[in-house]
Amino acid sequence: MAATLGSIATPIVVTATLDTTAARAAQLMREHHVGALIVVDAQADSGGAVGIVTDRDLVLAVMAEELDPALFTVGDVMTVELVTASVDVDVFDAVALLGRHRLRRLIVCDAAGRLFGIATLEDMLATLAAGLGTLSAALAGARDRERKERR
């Protein structure tokens with residue numbers, strides 16, 4: 001059985017609200033060693049994401065424009081056209097989704113559409129690399145077995 005996003009996604013997601021300042025967002029990213037925050041609506045009970053803000057968003061939209069990060073919020077700079085995927089999506093399909101949308105991370109949702117976690121390109125690469133390592137070992141083992149049987 002192939003790996004799914006639910007099996008590789010990081011379930012601990014750092015969130016921010018629409019009114020979180022860009023400065024605080026950067027601090028949260030540093031404190032938690034993450035490159036993105038999932039933006040949630042504090043007024044909604046849905047548990048779903050309304051946006052995502054990345055370290056790159058902060059640099060390009062705030063810092064490079066020499067704007068005051070204490071005045072601008074994640075709501076001002078976040079991406080609102082979210083690409084999400086269900087926990088049961090196969091990793092190969094998730095990689096295709098990332099490629100199609102030119103993304104580095106996917107927001108992973110449970111069956112009810114609530115935030116489950118986040119799956120990064122690195123998570124998927126590690127999973128695929130482990131699978132390739134297993135395949136490589138199987139090929140080497142088959143070759144060694146054949147040599148032994150043919151002597």
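Predicted model: local features only at pLDDT ≥ 70, side-chain atom pairs only at ≥ 80, totals over all residues.
Residues are numbered from 1 along each chain as its sequence is written, and side-chain values use heavy atoms, with hydrogens and water left out. Local features need pLDDT of at least 70 and side-chain atom pairs count only at pLDDT 80 or more, whereas totals for chains, interfaces and linings use all residues.

With a salt bridge taken as a side-chain nitrogen of Lys or Arg within 4 Å of a carboxyl oxygen of Asp or Glu, the model contains 2 salt bridges. One joins the side chains of Arg 24 and Glu 31, at 3.0 Å from N to O. On the scale used here (buried, under 20% relative accessible area; exposed, over 50%; partly exposed, in between; 1.4 Å probe, protein chains only), Arg 24 is partly exposed at 33%, and Glu 31 is also partly exposed, at 47%. The other links Asp 110 to Arg 114, at 3.1 Å from N to O; here Asp 110 counts as buried, with a relative accessibility of 19%, while Arg 114 is partly exposed at 43%.

Helices (H or I, at least four residues) and strands (E, at least two) are DSSP runs, numbered from the N terminus. Helix H3, which spans residues 55-63, has Asp 57, Leu 58 and Val 62 buried. Viewed down the axis of H3, the buried residues fall within an arc of 95° and so line one face of the helix, the arc being that of the directions from the helix axis to the C-beta atoms. These buried residues pack against helix H2 (22-32), strand S3 (49-54) and helix H4 (74-77), where contact means heavy atoms within 4.5 Å. The face of H3 turned away from the buried side carries the exposed residues Arg 56 and Met 63.
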